[in-house]
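Please read it alongside the sequence and the coordinates.

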Amino acid sequence: MSDWLNQVFCEDALTGLARIPDGSVDLILTDPPYNLGKDYGNASDQQTVEDYLRWTERWIEAALPKLKPNGSLYIFLTWRFSPEIFVMLKKRMTMMNEIIWDRRVPSMGGSVRSYSSVHDTIGFFVGRKDYYFDLDAVRIAYDAETKKARSRSIFIGAKWLEVGYNPKDLWSVSRLHREHPERADHPTQKPLEIIERMLKASCPPDGVVLDLFMGSGTTAIAARRCGRNFVGFELNPEYCAIIQSRLAETDAGALAEPAPLKQRAAVKRAAKPAVKKAAAKKPATKKVAVKKVAAKNVDVKTVVAKPAAKVAAKSVKAASKPRAKAAAKLVAEAAPTVAIESATKPANKAARKPANKAARKPASKTAIKAASKAAIKTPADTPAKRSRRAVKTATAETIA
Ligand SMILES: C[S@@+](CC[C@H](N)C(=O)[O-])C[C@H]1O[C@@H](n2cnc3c(N)ncnc32)[C@H](O)[C@@H]1O
């Protein structure tokens, strides 16, 4: 067991980095002072612009060798210095995203000579093309309403609908206001939700995350909760104490979360039945759906409602409107709201179709022969005329 892993050292990051061997970290996730004049009990956020940028370049130079070749880096900034700092990083790494964290700041006045700034800018950088990135671990589940609305057959069993969508580069997550249950006594504490998303996506289970500026220790807490290792630094001893107590709380189970491997298994489970379901549904629709409709089975699901309705309507042989309507009604009674619409439409359509088909259906040969014999001959009759008249009569009788 190494003497630097899963520890937050209460010291200057630039000194402390010497503890960490090069190439031993999967992810650098860091939230440095933004140089906006905040009081962290030190002068780190109150430097001249030149000093701040020079200092930033120094710690970047010292930290990057700690990354594994396929590692990544996330850095929290604001619009004030993100342009300069992104350029520094772009010279050394590949920039994948600029993520906007919309802090969900409520409208309460704000700036009067400019627009109120309500977001943080996060840079996501990688070392090389085959960087670690686990999209499935951070997919966002569709809500029930959206899923229901995607009831067209092309969406049935779609993996992405079952496992959720991939996060976009705009993250709307509320900042931690004073009353927030997560809130510790730190002025710029970040929400666990954001840090955990980054960890799950960009640090493998049992991997190592490095945060040079731990503050209240959010990165360490998130790592514990997600089954990752951490290492980091914090200058202010009061914040170091907060980190220890938050870690102890987490270990006591107050903020525990399922192990990452379990989450991954859950995502896989969610994806598999979806594909199976899709395969199972297609051939099942015709017979099963008709049976269900006939038996007024209330188990008809939204996803099968449409094919069921079609089959029900087609199976109404005489295709008279009232019977087709009745079939559609059965489906509608059995299925929830969305199904009602889709069930009614195809039923009416189908009701018209078979009726016309029956009307066009030619009469049988025997019927035509009989009609031909019974036909009254007129002086102007030709064999062709007689034959046409016979077909007409026989067809009319068949329909009747
Ligand atoms: C923006 S805060 C980090 C907040 C943290 N992400 C959280 O969720 O609580 C930056 C922190 O870096 C610390 N800091 C500033 N200069 C430092 C240095 N040279 N070494 C270590 N920590 C430093 C500050 O005391 C401050 O707590």
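The model is a predicted one. Asn35 belongs to the loop between β2 and α2, and its phi is near 60°, a positive value in a residue other than glycine.

- Ser44 is found in this loop as well, between β2 (25-30) and α2 (49-63).
- Ser44 counts as buried because it has 20 C-beta neighbours inside 10 Å.
- Leaving aside residues up to four places away in sequence, Ser44 touches Pro33 and Leu235.
- Ser44 and Tyr34 are ten residues apart along the chain, and their C-alpha atoms are separated by 8.8 Å.

- Most residues other than glycine have a negative phi.
- Arg104 is not a glycine, yet it has a positive phi of about 55°.
- The position of Arg104 is in the loop between β4 and β5.
- Is Arg104 buried or exposed? Arg104 is exposed, because 12 other C-beta atoms lie within 10 Å and the exposed class covers counts of 12 or fewer.

**Ligand surroundings**

- There are 20 residues around the ligand, and Tyr40, Ser44, Phe213, Gly215 and Thr218 come nearest.
- By residue class, the shell around the ligand is made up of seven nonpolar, nine polar and four charged residues.

**Overall composition**

- The chain contains 14 helices and eight strands.
- Of its 400 residues, 32% count as buried.
- Among contacts in the chain with a separation of 6 or more, 69% are between residues 24 or more positions apart.

- Eight strands form an open sheet in the order β1-β8-β7-β2-β3-β5-β4-β6, and their pairing is mixed.
- The edges are taken by β1 (7-9) and β6 (170-172); each has a single partner strand, so one side of each is left without a neighbour in the sheet.
- From one strand to the next, the twist averages 20°.
- Strands of a sheet pair through backbone hydrogen bonds, in either a parallel or an antiparallel sense.
- The pairing of β3 (residues 67-77) with β5 (residues 119-126) is antiparallel and extends over six bridges.
- Ser72 has Val126 of β5 as its bridge partner.
- Helix α3 (residues 82-90) packs on the sheet, where it touches β3, β4 (94-102) and β5. The direction of α3 makes about 5° with that of β5.

- In soluble globular proteins, nonpolar side chains tend to be buried together.
- The largest nonpolar core has 48 residues, of which Leu199, Val209 and Leu210 touch the most other members.
- Which residues does Leu199 touch, not counting those up to four places away in sequence? The contacts of Leu199 are with Val209, Ala222, Ala223, Cys226 and Arg228.
- Leu199 is also one of the buried residues of α6.
- Helix α6 (residues 192-202) is mostly covered, with ten of its eleven residues buried.
- The buried residues of α6 include Leu192, Ile194, Ile195, Met198 and Ala201, together with Glu196, Arg197, Lys200 and Ser202.

Notes:
Residues are numbered from 1 along each chain as its sequence is written. This is a predicted model: local features need pLDDT of at least 70, side-chain atom pairs count only at pLDDT 80 or more; totals for chains, interfaces and linings use all residues. Helices (H or I, at least four residues) and strands (E, at least two) are DSSP runs, numbered from the N terminus. Two residues are in contact if their C-beta atoms, placed from the backbone, lie within 7 Å. Two strands pair if DSSP finds at least two bridges between them. Axes are lines fitted to C-alpha atoms, for helices over the stretch in contact, and angles run from 0 to 180 degrees between N-to-C directions. A residue is near a molecule or strand if its C-beta atom, placed from the backbone, lies within 6 Å of it. Ala, Val, Leu, Ile, Met, Phe, Trp, Tyr, Cys and Pro count as nonpolar, Asp, Glu, Lys and Arg as charged, and the others, Gly among them, as polar. A nonpolar core is a set of buried Ala, Val, Leu, Ile, Met, Phe, Trp, Tyr and Cys residues joined through C-beta atoms within 7 Å.
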